[in-house]
Structures are given as structure tokens and as C-alpha cells.
Amino acid sequence: MNGPERPAREEIYAGRIVTLSRDTVVLPGGATATFEHVSHPGAAAVLPFLDPPEAGDPRIVLIRQYRHAADGHLYEIPAGLPASPAEEWEACARRELAEETGYEAGEMRYLTGLLTTPGFTDERIHLFAGTGLVAGGAHRESDEVIEVVDLPRSEAVEGVRSGRIVDAKTAAALLFAHAFPPAASEEERSPPPR
């Protein structure tokens, strides 16, 4: 058996973004367990570079956004949900970048995909690096309280180390791009299809 069998799923709550269920599963080995499970449509996020990533210490764009669940403001990379089940991950990342920061990216490179909290949710976020930014106008949703900031990548990476940047997708994108700088010469990686 490759994974657990799920003989029962009881939906507890269906909201605008997530669905909460209680799943009874037969685990590998035969034991039965009950788990709370949050179903999520997935998301895309983009680490925007104002300077070429191969520059000595390129400037990046972050947003400082109010987050109710965090009880305050967080530094984050632009991110969001697909506008429809058919919207591809790169298109989602491009749209969120433009809506939240006003920037459009000339080029997007796929970095990686991550499970955000696999202990209770199937949410997967797809991380991109955006380069060749062109300024435009932001089109934020009414519940988005956002300030756009730019800073050297080294300062952002230090923010992860010091605990000033605690958003997981942002920390992952910054550290991934720091360890594996996106370069036009590298083999192109593609996100999984929707």
C-alpha cells in the first residue's frame, strides 16, 4: 500500500477559501486514525527582484501586510489564490504581483513548490522569482492593508535570521533564491499543471 486508505470523510465546515473535514483513515500497517483536514486550493507567490538576481546584492520588493491571524503586520512576498480553477500558477503569481505591488515582471522563473503545513492541510504554494520589473498601478482588494517596501536581498535574508521576517513562504523563497540564485542560464523549471 502506497498511502493510507480513507474510508470516511465528514465535512465540518466549508468556507470561502478552505474546507474543514474529519477524515478516518487506515494507515500503512493497518491502524485506523482520525485526522482533522483542511482542504485548500493552493497558491502562488513571487519574490520580485528590482535588480538582476546575479547582481552583488540585488534589491527585492516585499509587502508589509496586516494579517488578522498573526495579530499584526508581516513582511511577505506577494501571493494569493488562483482567480479560477483554470488559472495557471505563473499567471496567478503575475496577477498577485501586479495587484499587490503595482509591478509587472518581464520574466518569471519557477523556484519550487512547498507544502505549507502538511500536518493538517493539503495547501501547496508555488514560488517564483520575478525579474525585469516595470512599475504600474496596484489594484488591491478591500481587505488588503499593504505597504510596498524594497530592500537589499542581504537585509531580507538577515530579517529571516533575526526573526523580523517570519512568514514561511517568504522565508522559503528568500533562502531558496539566496542558496540557488535564479539565473537565465540555468535549466528552466516548470510548476506542475493545474
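1. A quick word on terms before we start: two strands count as paired if DSSP finds at least two bridges between them. With that in hand, look at Tyr-66, whose bridge partner in β6 is His-73. Keep in mind as you read that this is a predicted model.

2. Here's the overall picture. The chain has 194 residues, and 40% of them count as buried. Taken along the principal axes, the C-alpha atoms fill a box of roughly 55 × 40 × 35 Å.

3. Back to the strands around Tyr-66. Strand β5 covers residues 59-67 and strand β6 covers residues 72-76, and the two pair in the antiparallel sense over five bridges. Besides the Tyr-66 and His-73 pair, you can trace Gln-65 to its bridge partner Leu-74 in β6. Ile-63 has Glu-76 as its bridge partner in β6. Together β5 and β6 make a hairpin, with four residues between the strands. In the turn, look for Asp-71, which has a positive phi of about 60°.

4. Which sheet does this hairpin belong to? β5 and β6 sit in an open sheet of three strands, in the order β6-β5-β12, with antiparallel pairing. The edge strands are β6 and β12 (146-152), each of which pairs on one side only. On average, and ignoring direction, neighbouring strands of this sheet are turned by 30° against each other. On the β12 side, seven bridges join β5 to β12, and these two run antiparallel. One spot to check there is Arg-59, which stands opposite Pro-152 in β12. As a general point for anyone looking at side chains here, they alternate between the two faces of the sheet in a regular strand.

5. There's a second hairpin worth a look, built from β2 and β3. Strand β2 (residues 19-26) pairs with strand β3 (residues 32-39) in the antiparallel sense, over eight bridges. Thr-24 stands opposite Thr-34 in β3. Five residues lie between β2 and β3, and Gly-29 in the turn has a positive phi of about 105°.

6. How many salt bridges does the count come to? It comes to 13 salt bridges. One of them joins the side chains of Glu-147 and Arg-64, at 3.7 Å from N to O. Since Glu-147 lies in strand β12 and Arg-64 in strand β5, the pair ties together parts that are 83 residues apart in sequence. Glu-147 counts as partly exposed, at 41% relative accessibility. Arg-64 is partly exposed too, with a relative accessible area of 28%.

7. Another pair to look at is Glu-96 and Arg-95. Is this pair buried or exposed? Both Glu-96 and Arg-95 are buried. They form a salt bridge, with the closest N and O atoms 3.0 Å apart.

8. Now move to helix α2 (residues 153-162), where Arg-161 and Glu-158 both lie, three residues apart, or about one turn of the helix. They form a salt bridge whose closest N and O atoms are 2.7 Å apart. Arg-161 has a relative accessible area of 63%, so it is exposed, the cut-off being over 50%. Glu-158 is partly exposed, with a relative accessible area of 35%. Elsewhere, salt bridges that share partners join Arg-67, Glu-76, Asp-167 and Lys-169 into one network.

9. Last stop, the largest pocket. Its volume is about 1,300 Å³. The largest pocket is lined by 38 residues, and Ile-17, His-40, Arg-67, Leu-81 and Glu-123 lie nearest its centre. The elements that give two or more residues to the lining are β5, β6, β7 (79-80), α1 (89-101), β9 (107-115) and α3 (168-179). Which element gives the most to the lining of the largest pocket? That is α1, with four residues. By class, the lining has 18 nonpolar, seven polar and 13 charged residues. Arg-67 is a handy residue for tying the points together: it is among those nearest the centre of the pocket, and it also belongs to the salt-bridge network with Glu-76, Asp-167 and Lys-169.

Technical notes:
Residues numbered from 1 in each chain as written. Predicted model: local features only at pLDDT ≥ 70, side-chain atom pairs only at ≥ 80, totals over all residues. Heavy atoms only, no water. Axes fitted to C-alpha atoms, helices over the stretch in contact; angles between N-to-C directions. Salt bridge = Lys/Arg side-chain N within 4 Å of Asp/Glu carboxyl O. Buried < 20%, exposed > 50% of the residue type's maximum accessible area, 1.4 Å probe, protein only. 1 Å grid on protein atoms, 1.4 Å probe; cavity = no way out; pocket = protein on both sides within 12 Å on 5 of 7 lines; lining within 4 Å. Points joined across faces, edges and corners; volume = space filled by probe spheres on them. Nonpolar A, V, L, I, M, F, W, Y, C, P; charged D, E, K, R; others polar.
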